[in-house]
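Work through the exercises below with the sequence and the model in view. Each task is followed by its solution.

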Amino acid sequence: IAEQKLAFVYQEQPHLLDPHLDWMFNMILETIRNEKSPPSLVHLSFKFLYIICKVRGYKIFMQLFPHEVADVQPVLDLLSRQDPKDTETWETRYMLLLWLSMTCLIPFDLSRLDGHLESDGGKSREPIMDRILAIAKVIYINVFVLFMTRPDVKQKRLGDFLDWSLMTITQTNDQSMTDIMVLDGALQSLAKLYKHGKREDLLQYAPTVLQCLEKKHLSDSSQAMLRKLGVKLIQRLGLTFLKPRLAAWRYQRGSRSLAANLSMSQTTAVTAAVSPDVETREQEEDYDIPEEVETVIEHLLVGLKDKETIVRWSAAKGIGRVTGRLPKELADEVVGSVLDCFSFQETDNAWHGGCLALAELGRRGLLLPSRLTDVVPLIIKSLTYEEKRGACSVGSNVRDAACYVCWSFARAYEPKELQPFVSQIASALLITAVFDRNVNCRRAASVTLFLLLYKAGFALFFCSVYIASFPEYTKAMIDHLTSASAHKCHRTLLPRLLPMAVGMDLLGRHGAILACAEITHALYKLGLQTNKGFGGELMRPAVCGLIEKLSLSKLPFKNDPVITGWQWLIDDTIKTLHLVSSGAKDGIMTAVVSALSALCEEYYQIQPGQADPQMQGELNISLCMLTRCGSALALGSLPRFVIHSKMKQILEGLQQMCTVSQKEGSFPEARRDAVRAIAQVCVTAGVDTHGSPDSVLCSENVSEVYGTLLDSMNDYTTDSRGDVGAWVREAAMTSLMDVTLLVAASNPEILSPNLVKCMMCCLVQQAAEKIDRYRAHAGNIFLRLLHSTEPAVPHIPHREELLSIFPPETTASLNWNAPSQAFQYITQLLGLTQYQYHTLLGLTVSVGGITESTVHFSSQSLFDHLKGIQHNSVALTQFGDTLLSIFRDNLRNDRVAIPFLKMLNQMLANSCFEIFTTQENHQFCVDLLTLCKEIKKSKDISKLRACISVFCGLIQFQGNVRKKVLSQLLMLLCHSFPVIRKTTASQMYEMVLTYDDVIDPEVLDDAMTILSDTNWFDDIPTVRTHRNQLADLLQVPRPQVIAKVTTEPTEVFL
């Protein structure tokens, strides 16, 4: 059962098993071929093979069986020993039959395998050919058809096999289940034989087989499968009677060769489609059509009206195949006979079979364009075919098949051939796609309609109300709704529905009353929308655009009440913006911003620069509302005279948007817009050193503006979308550049050295981080401010050193997006005191990240810098102090702490602090160990794993520090998380191998055995025993368990 469940996982995509089939098959086959294997094991092996074969398919799986000459006799003997009546081992017989069918394909005469037919007892043995044929007669497996088509077998046994098969068909009936199974096998074998056999070998037997089938009257059988096999065999006989050829008269849309189609132009392809070549014309010469063909076609036409779909489908394919080998005149007669199925005297089965046959004929190019005038009206009727039978109705299969016919026409004919009928077919398909109550019919009609209109050069959206606006379809849809389908509860016209609401038809009255109700309600909602005039995602940006254009056109509306209405509309749009879909929100906000700016410029000032006192009250309300709703972009678009005397209020509102929402960790888009708006407001208001903070950017408020923007540079909010705080950081960098260049151009004195230093350090940190886009943005702004001369930014720390690192040509040549270029410049800033902290902080998330290219180039550049200061104890000590400061400041910040530990582990592994290891208990190592002990208290698995690696790296330091490190590692060996215990043991094993002075060589093997062989996933008391043994070997005191009142017991070293 477990094997079956495992195999059936691959049922949907069995090709995934292909890489594993060989080894599975060979492993099981070894058991089967082993003579010592008991019968029960052999049967079980064959059962496993059957499960795999069932999932992958026998046609693919049987190719794995060995099929050499030496395999024929053993397989045949093993199959002969099986009991056909044993229901428990049928899988064994099935797989042996597949194996035998493969061995039958050997290219040698089977008589050569017989050898001496006399056995040891003097009795003659049966030839292999006869033994296989006997099995085929008993089982009727289809794969033995290939055996019957072998040259040696068909010469000696084909006639006998056909005689025996016909005798079996004649003597059986469809009353007992045993006879049904035998008859099924015989019909399948004959059908396969006439499919794969050569015409010249089978033609002489075809009339006899057809005569036998006629006498059997399979079309009257109660078994659908027998009727289907009868139709299938009859069509194969018909194809045998006719010479294999391609009809020269068939309709073609180009060459049958893909290479020819690709090499020809479109004009040439169309010409070739209507001009058959000379060779095909010669094949069109009349030849005698056997009389049996008429009988075959008659049986196939009867099969089109069968009550089962599988029979009708097989008959339709037979009609298509046989018609393709007939002359044009006879083929046209067959088409006429198929069209006779579309009579209202026929049942829905005949309509369905006729549609399938027409689709096959059209798909094969056997339905010439001249016949479309007769066929299209019948197909349109089929698309709406429905026949009531008591309380239900039938016809959905007819409508679905009619869609298939239309699909085949769209694929088969050139657009010019279908052009006269496109409107009729599209209208009928549209009605089916929109109004048919069967989902399969709607789906088929919609796909077909799209293909048809695409081929014809049209395009539609499948929405009933929208489609009805097209004149080509309006009348057809209304006629259909009011006449045939009003009971389906769709909306239509009231004047035509009211008489039906009081009519005699119950279903019609029901549908008409519901439709009237829907129309009334829809008209009411339309009236409300018409009265409102500006609702919805579509109308609001349009009306805002109208307000903008009217304002820009300077229409004389000053002091007019309409301005109040316009302002209310803008306020209401912003107030309800949270109700709008995210896709339309940006477009609406852009329209609102443009409208508000133009409205204020034109109607809210008496003269240039002076606001209208009458509008001041409205404006105060709007400013409060904009601040409350977080509509920062609207605030940033306000003109200067509006900002005048309101700048303090506006900046406070924008600062509140940045700080409050950042603390909540939500609405990063609002924070981004607020940061952008701060710069826009400052640029609009201008700069004046001694000005009023309520009107301009001055010495009193410049620190607050820079403080807000610098705080936004530390926005690292994440959600399901990823690092959304990067949007805010990017906007903050741009705003800082805009404000700094503005101030430096007119009043550089209000820029304090501290503000400039903080700004440049934050830019350096962003330029050293891991995301390429934001690193490039920060780097470009950094170089822009550094190299700016008009205006020049004052107080940039280490300006001369920076200019030597970043000469002017790097502005154009340096690609900040490429880690291979960016980090070799950034790491040079580690040598500048005032930039060292922020540069190393940015490098931390890059070196300790997960992006391979970023980690490689950032760590390589960092190690190159450290290699350059290895012999400079002062520089290396300063670097270590900065490293500890970053660790200390971000102990609880997982965004920095985990990458920091990974970076630190790489530094220790590369011996970057080798100068410190020569001194016992170096202060750097002591402080680092103290900080790592704080990390050890975390419950974060990834942080603990990184901390373990750092502990193992700290073992290289001398003195008491090493003992303390070993003590921490021993405590981690009894951590409450089993995965941490296992990780610690693995890391310690590698540590002992790397640093051979950690443990006494005499006990090294014992220690390594404990680390490698202990099951660290056992319970803690068991693990603690092995841990204590390791502590004794390392000559480290055993940790002592101290029970705490409020928490679980904790281990410490006393």
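**Exercise 1.** Does Phe-61 count as buried or exposed, and at what relative accessibility?

*Solution.* This is a predicted model, in which local features need pLDDT of at least 70, side-chain atom pairs count only at pLDDT 80 or more, and totals for chains, interfaces and linings use all residues. Residues are numbered from 1 along each chain as its sequence is written, and side-chain values use heavy atoms, with hydrogens and water left out. Buried means under 20% relative accessible area, exposed over 50%, and partly exposed in between (1.4 Å probe, protein chains only). Phe-61 has 1% relative accessibility, so Phe-61 counts as buried.

**Exercise 2.** Classify the ring pair of Phe-25 and Phe-61.

*Solution.* Start with the rule: rings of Phe, Tyr and Trp (its six-membered ring) pair if their centres lie within 6.5 Å; planes under 30 degrees apart count as stacked, over 60 as edge-to-face and the rest as tilted. The structure holds 22 aromatic pairs. For Phe-25 and Phe-61 the centres are 5.6 Å apart and the planes stand at 75°, so this pair is edge-to-face. Helices here are DSSP runs (H or I, at least four residues), numbered from the N terminus. Phe-25 is buried too, with a relative accessible area of 2%. Finally, Phe-25, Phe-61, Phe-65 and Trp-99 form one aromatic cluster.

**Exercise 3.** Which residues of helix α12 are buried, and how are they arranged?

*Solution.* In α12 (residues 206–216) the buried residues are Ala-206, Val-209, Leu-210, Cys-212, Leu-213 and Lys-216. Down the helix axis they fall within an arc of 160°, so they line one face of α12; the arc is that of the directions from the helix axis to the C-beta atoms. An α-helix has 3.6 residues a turn, so residues three or four places apart point the same way. The cover over these buried residues includes α9 (151–171), α10 (177–196) and α17 (291–303), where contact means heavy atoms within 4.5 Å.

**Exercise 4.** Where is the cis peptide bond from Glu-790 to Pro-791 found?

*Solution.* The bond from Glu-790 to Pro-791 is cis, with omega near 5°. Pro-791 sits in the loop between α41 (772–787) and α42 (799–805). Most peptide bonds are trans.

Key
Helices (H or I, at least four residues) and strands (E, at least two) are DSSP runs, numbered from the N terminus.
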